[in-house]
Amino acid sequence: MATATMPARARPGALHWIRKNLLSTPINGFLTLVLGTMLAVALVALIRFVAAADFTILRVNLALFVVGGFPRDQLWRVAASASVIAAMTGLVAGLVWSGTAARAREAGLPLTPASSLVQISRRFWPLGLVVAVCLGLTQTPGPATAVASALLVGVVANRLGRAVPSGARRWMWLLALLLPIAAYLTLTTSGIGWDQWGGLQLNLFLTMAGVMFAFPLGILLALGRRSSLPIVKGLSVTYIELIRGVPLITLLLLGVFALGFFLPLELRPSGVTRVLIAITLFEAAYIAEVVRGGFHAVPPGQTEAAASLGLSAFQTTRSIVMPQALRATIPAMVGQFISLFKDTTLVAVVGFPDILAASGFANTQPAFNAQGLARITLPFVALAFWAGCYTMSREARRLERRLGIGER
Amino acid sequence: MRVVAQLVAVVVAGLVLYILWFNLSNNLRRLGIRTDFDFLSQPFGVRIAGSDLSPGSSVREALLNGVRNTLALAVVGLPLLTIIGVLVGIGRLSSNWLVAKASALFVETVRNLPPLLLIVFAFQAVILRLPAARSPITPFGWLVISNLEIHVPGISSGARASTYQLILALSVVSGVVIWWSRTRVQARTGQPHHRWLWTLGFIMVVAVIAYIALDRPLTISLPVLDGRVITGGFGGLGAFFAVLGALVLYTASHVAEIVRGSIQAVSKGQTEAANALALSNTQRLRFVVLPQALRIALPPTINQYLNYVKNTSLAIAVGFADVTLIAYQAIGNGQPAPQTILILMGCYLTFSLVISAVVNVYSRRYRLVSR
Amino acid sequence: MPTSVDGPMILMENVDKFFGTFQALKDINLVVARKEVVVVIGPSGSGKSTLIRCVNRLEKHDRGRVVVDGIELSDDLRRIQEVRRETGMVFQQFNLFPHLTVLDNVTLAPRQVRRMPRDRAEDLGMSMLEQVRIPEQAHKFPGQLSGGQQQRVAIARSLAMQPKVMLFDEPTSALDPEMIKEVLESMEELATSGMTMIVVTHEMGFARAVADRVVFMADGQIVEVGTPEHFFTAPTEDRTKQFLAQIL
């Protein structure tokens with residue numbers, strides 16, 4: 001896009017570029033030399049390490065990293081639910097696009113074209129890289145088929161979402177929001193509850209479920225913190241500050257070791273449920289702060305204008321403040337999602353088989369024990385997290401820019 | 001209406017708390033677990049790596065030892081991460097292409113990884129692959145490194161160390177007075193105050209004279225390997241350095257983003273206004289850009305300090321005996337979980353609340369008027 | 001509720017208002033008759049905005065009485081809502097809702113507060129937009145309009161509630177000169193149609209042409225009240241003369 005409008009200019013020459021960007025002052029030259037040498041040495045070491053490394057431990061244990069102890073004869077369920085999630089993603093993207101396009105048409109603005117394949121691959125290449133690495137480690141055609149079908153379903157759903165007539169858009173949104181439940185049912189109908197989940201799947205599940213359950217609670221807390229009723233406000237502030245003052249691990253310990261004491265003895269929540277409760281209680285406090293930030297972004301003139309029109313406090317909050325506040329929180333919410341995704345690795349510490357724990361399991365298998373193979377398994381886990389977090393944070397920044405432009 | 005809503009909130013909150021408390025006391029009674037804090041005096045029962053505590057020491061002593069270890073991570077780590085964070089943050093804005101790209105690479109890589117993963121990696125893939133404890137290596141001659149412990153140079157006090165410290169403290173106090181009086185001089189006469197020159201110069205001169213007069217009260221002590229015994233320097237467990245290194249880098253990457261964002265947030269208009277007033281480059285940075293950037297950066301940076309302290313609880317994953325690991329082991333040894341976790345949370349809360357209070361006072365005093 | 005048709009539209013009696021220890025309004029007495037247009041002028045910080053914000057209780061007065069169309073303002077939320085339904089307000093910064101289209105901005109209050117069905121509300125909204133001469137902008141978002149257009153939408157938004165009183169808080173102060181005229185024209189038409197209006201403004205031309213009475217405020221007090229002729233030709237108070245000398 002930018003390259004097309006860039007004026008053609010004389011090539012300044014590599015030498016000029018180097019002098020300007022690397023050697024402009026003696027200090028800069030020195031820094032370039034030192035840093036360049038260090039980076040070169042590191043790069044060479046990295047290449048030699050990768051070339052010499054034996055990735056058998058990953059090949060053998062790939063399923064352990066991705067789905068943990070999920071019954072191996074039921075893996076098609078994982079593939080199917082991945083397709084359902086892909087359908088949801090594609091549908092939502094399509095609906096957002098067609099919604100924006102419809103509004104632009106009404107307002108007589110030029111249509112923003114849908115992202116091209118090149119743009120999409122530029123935006124999501126880290127995720128593609130992870131999938132490619134995983135497929136490169138597989139020994140059966142199953143995963144490749146699953147990825148291909150998920151991609152296909154996603155693209156079809158995206159086209160569908162774009163083509164939906166405006167009257168039916170509302171129903172399609174409802175459908176899109178019901179799809180995660182369908183994915184959940186696909187995974188669980190044969191009695192494989194979330195206590196048997198593991199690997200990356202467990203991390204993703206805890207992240208999504210945690211945010212989903214914590215979101216309503218967080219909004220209530222944020223509203224409570226804004227409330228003019230001193231007791232409601234006091235309770236909300238106390239909860240938020242108490243939770244934000246302690247590390248997640250203490251809540252996980254509480255959930256795993258002490259939650260039972262606070263419930264009737266007959267009610268014994270399962271392991272993952274305990275963890276999910278702890279994560280929800282923790283996350284709600286942080287989401288409350290994010291939403292509060294959104295409220296701050298709504299200028300006081302908005303409330304005054306609504307009041308002068310005769311809207312009640314409740315109507316003002318619902319129709320004027322909340323829509324603007326929630327819109328303003330989207331980037332920060334993505335940030336919160338990222339940080340929860342990273343935090344889900346903590347469940348490994350209290351004994352749940354997530355993707356980080358899988359690295360430990362693999363390294364204690366008889367074939368790989370005590371060979372220092374953590375330097376192969378951990379970077380693999382790191383790649384998965386890095387790709388997810390980096391992509392999401394870039395998307396959040398992109399959203400921030402877009403939302404910023406549309407306003408005022 | 002308002003009163004009713006508040007009453008409802010109180011009743012609901014009270015009910016929830018009551019049910020939780022009712023269940024708790026009921027269950028503890030049925031299971032025969034005590035509800036008091038007497039267990040703090042019972043023996044802890046586990047030897048703590050890297051400490052002199054015997055397994056017979058009380059739970060209380062063990063927890064205090066854990067708090068000390070947590071604080072040690074904080075005291076060493078916070079200054080380190082600040083320095084790295086500021087350097088990398090400025091580096092991202094450097095005109096040197098390589099420096100800017102290398103800083104960006106560092107930030108975008110480390111920031112997007114789970115801190116726990118970094119800690120585990122630092123321990124399993126770096127520390128544990130070092131030579132075994134019976135044959136440590138000694139690079140440069142002033143480091144002693146094995147996969148159990150790492151020793152770095154430290155400061156050892158001589159005979160008159162306390163006198164010297166007293167003199168240093170006094171010179172700092174006098175330095176503040178000099179700073180203040182130089183400020184007054186400038187305000188009165190318009191002469192440049194050279195506060196930094198005067199103050200630091202004074203302190204340096206006093207420090208050097210006293211150092212010579214007291215016949216080297218403080219010396220740098222290098223760790224020395226003598227057979228299997230290491231003497232001198234500052235030593236720590238490998239796990240300590242794994243947690244420290246991973247968390248310092250992780251938090252520094254966040255601080256770097258804050259630093260970069262704050263400098264960029266000082267608007268172009270401010271720079272233009274400063275230029276229009278004919279301020280020099282240094283004056284512009286010193287009086288216009290940096291003061292504003294600092295005010296923008298400080299609250300989120302303090303927040304990162306808090307996150308750092310909370311993240312030290314992840315030391316549990318590599319067996320460094322911070323307060324969380326001690327609490328975890330205490331529960332494992334049959335001490336009552338509710339009370340132990342309550343104490344654990346109390347430790348972190350105290351720290352967080354102290355820092356939040358400081359931040360609140362600060363932001364009330366220095367709040368930038370928005371717009 | 002004694003809603004007499006003949007009584008004054010707005011009555012302010014001995015009104016005081018404090019912000020902390022600073023007294024923003026001192027013993028304000030003002031009666032605005034039905035269909036009257038009152039223009040409030042005065043130096044900045046003189047309490048003009050506070051005065052009209054007390055009329056629809058965006059600010060709470062500390063002493064005295066404020067009665068709008070026979071309804072006395074107190075802490076009673078229902079009365080406040082009743083008054084706000086009957087008074088429209090136009091702000092210096094427009095305060096349009098950026099997440100709603102122009103038409104949704106205009107129809108929001110009729111639908112939510114008056115429970116009007118959507119199609120009737122939209123008919124009403126379009127006729128209000130026609131009244132301020134921007135029906136073609138109905139489906140755009142506020143951010144896409146010029147300042148003058150935004151302010152006219154804000155006027156239409158208030159009019160859609162069919163208020164008995166319109167309050168204008170420096171409606172042209174945030175506008176570029178070439179846009180001031182279009183907004184003032186809309187306000188003039190409104191005045192001619194018989195709307196009761198209180199206008200805080202620095203536009204002396206508007207005051208001279210449209211106002212029935214001009215109120216001059218300084219330091220939280222009403223210094224002088226009179227017809228525009230009296231006011232601009234033979235002011236009696238020294239403060240008024242000083243002020244007029246500065247701006248005319």
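Predicted model: local features only at pLDDT ≥ 70, side-chain atom pairs only at ≥ 80, totals over all residues.
As for how the chain meets itself, take the contacts with a separation of 6 or more: 78% of them in chain A come from residues 24 or more positions apart.

One helix pair within chain A is worth a look. Helix α4(A), residues 56–67, packs with helix α9(A), residues 199–226, at an angle of about 10 degrees, and their axes are 1 Å apart. With angles under 35 degrees counted as roughly parallel, α4(A) and α9(A) are therefore roughly parallel to each other. On the α4(A) side the contact is made by Leu64(A), Phe65(A), Val66(A) and Val67(A), and on the α9(A) side by Gly199(A), Leu200(A) and Gln201(A). Sorted by class, that gives five nonpolar residues, two polar ones and no charged ones.

Turning to the chains as a set, two pairs of chains touch, and the pair with the most contacts is A and B. Chains B and C, on the other hand, do not touch, and their nearest C-alpha atoms are 11 Å apart. A helix pair spans chains A and B: the axes of α11(A), residues 248–262, and α10(B), residues 323–332, come within 11 Å and cross at roughly 10 degrees. That angle makes α11(A) roughly parallel to α10(B). Here Ile249(A), Leu253(A) and Phe257(A) meet Thr324(B), Tyr328(B) and Ile331(B).

Between chains A and C, 22 residues of chain A are in contact with 28 residues of chain C. About 2200 Å² is buried between the two, with carbon and sulfur atoms giving 59% of that area. Three residues stand out on the chain A side: Glu304(A), Ser308(A) and Leu309(A) supply 28% of the area that chain A buries against chain C, more than any other three residues.

The buried set is Lys48(C), Thr50(C), Leu51(C), Ile52(C), Arg53(C), Cys54(C) and Val55(C). After α1(C) comes Arg57(C), with a positive phi near 60 degrees.

In chain B, helix α5(B) runs over residues 161–189; at 1.5 Å a residue its 29 residues should span 42 Å, and the end C-alpha atoms, 41 Å apart, agree with that. Buried residues in α5(B) include Ala161(B), Tyr164(B), Ser171(B), Gly175(B), Ile178(B) and Arg182(B). The partners of the buried residues of α5(B) are β3 (154–157), α6 (195–213) and β4 (218–221) of chain B.

Last up is Trp142(B), found in the loop between α4 (115–126) and β1 (144–145) of chain B. This tryptophan has a relative accessible area of 40%, which means partly exposed. Setting aside neighbours within four places in sequence, Trp142(B) is in contact with His151(B), Val152(B), Pro153(B), Leu222(B) and Pro223(B). Leu225(B) is 83 residues away from Trp142(B) in sequence, yet their C-alpha atoms are 9.8 Å apart in space.

Conventions
Residues numbered from 1 in each chain as written. Chains lettered and ligands numbered in written order. Heavy atoms only, no water. Axes fitted to C-alpha atoms, helices over the stretch in contact; angles between N-to-C directions. Helix = DSSP H or I, 4+ residues; strand = E, 2+ residues; numbered from the N terminus. Parallel < 35°, antiparallel > 145°, perpendicular 65-115°, else oblique. Contact = heavy atoms within 4.5 Å. Expected span 1.5 Å × (residues − 1). Buried < 20%, exposed > 50% of the residue type's maximum accessible area, 1.4 Å probe, protein only. Buried area = accessible area lost by both parts, 1.4 Å probe. Nonpolar A, V, L, I, M, F, W, Y, C, P; charged D, E, K, R; others polar.
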